[in-house]
Amino acid sequence: MRADLVPDDLWERVAPLLPPGPERRRRHPGRLRVPDRAALAGIMYVLRTGVAWRDVPAETVGCSGVTAWRRLRDWTEAGVWPRLHAALLTELRRADLLDLDDCSVDGSHVRALKGGSRRPSPVDRARPGSKHHLIVDRHGTPLAVTLTGGNRHDVTQLLPLLDAVPSIRGRRGRPRRKPRRLYADRGYDFDKYRRLLWKRGIKPLIARRGVAHGSGLGKVRWVVERTFAWLHQFKRLRTRYERRTDIHQGLLDLACSLICLRRLPRTANCSVSSGGGLQPH
């Protein structure tokens, strides 16, 4: 197994969250089960390189693509990736590396070449597509990501995205789940949603349509664009190949966890990078 695919700091956090494997039969036990770390290496290989599951080099990775996909399916159904992401956000908050007062949201369209939640995209000549919706803190740390069809308006996912933010512990007192101020571009310029944000105790800072550029919101909001660039350095996320929505969502959650892991002080190497040159903070 290639050690750079699953470094120790990643494995230490993932291993306790994995469900136990099935008991081996005493009679006719069959093949030995592929170790979980090797299966995770296969998942990481696909996420980083974007190759088809059938093209995973088993002799190099230590696991076939079919086995890696099945393990990804099982772990996704067990809720491993959201729990990993929430645990890393807690570590970041404990290290005072999260700024939850100012958050930004945005959406990004990706091509979808197979079935699933793909819809004709109004920004890509009605070609099938999906959308990634993302909320980040002031530093660009991903707090939550959701997946919809390519024809869904960004503003329709504003409240579901806020609801998807986990309870982030790491400090004394109540866990944090919402920002104090939320920055967004003109696509979110609807008074109805401003009122809904105020009702939740969140101050909306949303650019107005028809107003000249230069509002100054970009000084804070640009970090969400940078985080999209980080996400799409994982080549499997640039184009949606998975038919199953939960599988693609699982890969998105795993990628967000890897971005969070890079921000932790102990992560002083780039072994979990997507291959695109992103350096840790």
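Two residues are in contact when they have heavy atoms within 4.5 Å. Keep that in mind as you start the tour.

**Before you click**

This is a predicted model, in which local features need pLDDT of at least 70 and side-chain atom pairs count only at pLDDT 80 or more, while totals for chains, interfaces and linings use all residues. Residues are numbered from 1 along each chain as its sequence is written, and side-chain values use heavy atoms, with hydrogens and water left out.

**The whole chain**

Show the protein chain as a cartoon and you will find nine helices and seven strands. Here helices (H or I, at least four residues) and strands (E, at least two) are DSSP runs, numbered from the N terminus. Of the 281 residues, 52% count as buried. Buried means under 20% relative accessible area, exposed means over 50%, and partly exposed is in between, using a 1.4 Å probe and protein chains only. Among contacts in the chain with a separation of 6 or more, 65% come from residues 24 or more positions apart.

**First stop: W69**

Select W69, which lies in helix α4 (residues 65–77). How exposed is W69? Its relative accessible area is 25%, so W69 is partly exposed. Now display its contacts: apart from neighbours within four places in sequence, W69 touches W53, R244 and I247.

**Second stop: strand β1**

Next, select residues 102–112, which form strand β1. Nine of the 11 residues of β1 are buried, so the strand is mostly covered. Which strands pair with β1? Two strands pair if DSSP finds at least two bridges between them. Here is what to look for:

- β3 (residues 128–136) runs antiparallel to β1, and eight bridges join the two.
- β5 (181–184) pairs with β1 in the parallel sense over three bridges.
- β7 (residues 239–240) runs parallel to β1, with two bridges between them.

S104 stands opposite V136 in β3, and D106 has L134 of β3 as its partner. Towards the other strands, D102 is bridged to R181 in β5, and R111 to T239 in β7.

While you are in β1, select S108. With a relative accessibility of 16%, S108 counts as buried. Not counting residues up to four places away in sequence, S108 touches S130, K131, H132, F228 and H232. Show D154 too: S108 and D154 are 46 residues apart in sequence, and their C-alpha atoms are 8.8 Å apart in space.

Move across to β3, where eight of the nine residues are buried. β3 also pairs with strand β4 (residues 142–149) in the antiparallel sense, over seven bridges. β3 and β4 form a hairpin with five residues between them. Zoom in on G140 in that turn, which has a positive phi of about 90 degrees.

Select residues 191–199, which make up helix α7, and colour its buried residues Y193, R194 and L197. Where do they sit on the helix? Seen down the axis of α7, they fall within an arc of 105 degrees, so they line one face of the helix. The arc is that of the directions from the helix axis to the C-beta atoms. On the other side of α7, you will see R195, W198 and K199 exposed.

Bring in the packing partners of the buried residues: α6 (158–164), β5 (181–184) and β6 (203–206). Just after α7, G201 takes a positive phi of about 80 degrees.

**Last stop: the cavity**

Finally, select L100, I135, L143, V165, I168, R176, R177, K178 and P179, which line the largest cavity. On a 1 Å grid over the protein atoms alone, a cavity is a set of points where a 1.4 Å probe fits but cannot get out, and lining residues have an atom within 4 Å of a point. How much space lies in the largest cavity? About 40 Å³, where a volume is the space filled by probe spheres set on the points. The count of cavities of 30 Å³ or more comes to one.

How values were computed:
On a 1 Å grid over the protein atoms alone, a cavity is a set of points where a 1.4 Å probe fits but cannot get out, and a pocket is an open set with protein on both sides within 12 Å along at least five of seven lines; lining residues have an atom within 4 Å of a point.
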